[in-house]
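Try each task before you read its solution.

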Amino acid sequence: RAGEALAKQGAHVAHAKPDIGGETMMLSYRAILTAIVSLGFPQEMFETFAAMNDADRKLVADGKDVDGAAANRLRATARFREVAAAQVVQQAMKDKLATFFQKWDAVLMPISPVTAFKHMQDGDFNSRILDVDGKPVPYPSLLMWISLATFLHAPAIAVPAGRTASGMPVGVQLVGRWRSEDRLFDYAAAIEDVLGGFEPPPL
């Protein structure tokens, strides 16, 4: 709907994507993000995680915890060289995104794999499960669609794009060139002119 709205307003809309691997981007993104978040951990907690490094590395190496609690503890206690390696990947992807934006003004894409869902109290960030079109999907997948902007520091704007069949509001995001936020506002306004702005659902 959002793509069609832009086309109606005169924009050239086509399927295109930067030459960036999503899985590699997520691994590097979470490596840096978790290392930053862990700076706020209590020292005792950090030391407990660090003491589990050898066992956690074996679990991950054996494929028994590729992206669960053990992998998360390793990211939280990552060594400088491990974080720096992820930053090298980050910069290479920024360069690829810059090349992409030599041809395209913006990327129009989802914000998350689901609309708003019921609050989850059980489990933690790594163990919770989302229902995506009837299929179980790990909760951390919520980071996937936002990673292009947040990991690569590109400007982004969220835009209302109608509702699902059940009436839940749907948003899309426009990710654009660095220092070109004004163009994103133009595109967002063009979408809203066709689809209308945000209307809160009935409570």
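**Exercise 1. Which residues on the other side of H8 are exposed?**

Solution. Asp182, Phe185 and Asp193 are exposed on that side of H8. Exposed means over 50% relative accessible area, and buried under 20% (1.4 Å probe, protein chains only). The model is predicted: local features need pLDDT of at least 70, side-chain atom pairs 80 or more, while totals for chains, interfaces and linings use all residues. Residues are numbered from 1 along each chain, and side-chain values use heavy atoms, without hydrogens or water.

**Exercise 2. Find the buried residues of H8 and say where they lie.**

Solution. Start with the list: Leu184, Tyr187, Ala188, Ala190 and Ile191 are buried. Now look down the axis of H8: these buried residues fall within an arc of 155 degrees, so they line one face of the helix. The arc uses directions from the helix axis to the C-beta atoms.

**Exercise 3. Check the span of H8.**

Solution. Count 15 residues in H8. The expected span is 1.5 Å times one less than the number of residues. That gives 21 Å, and the end C-alpha atoms are 21 Å apart, which agrees.

How values were computed:
Helix = DSSP H or I, 4+ residues; strand = E, 2+ residues; numbered from the N terminus.
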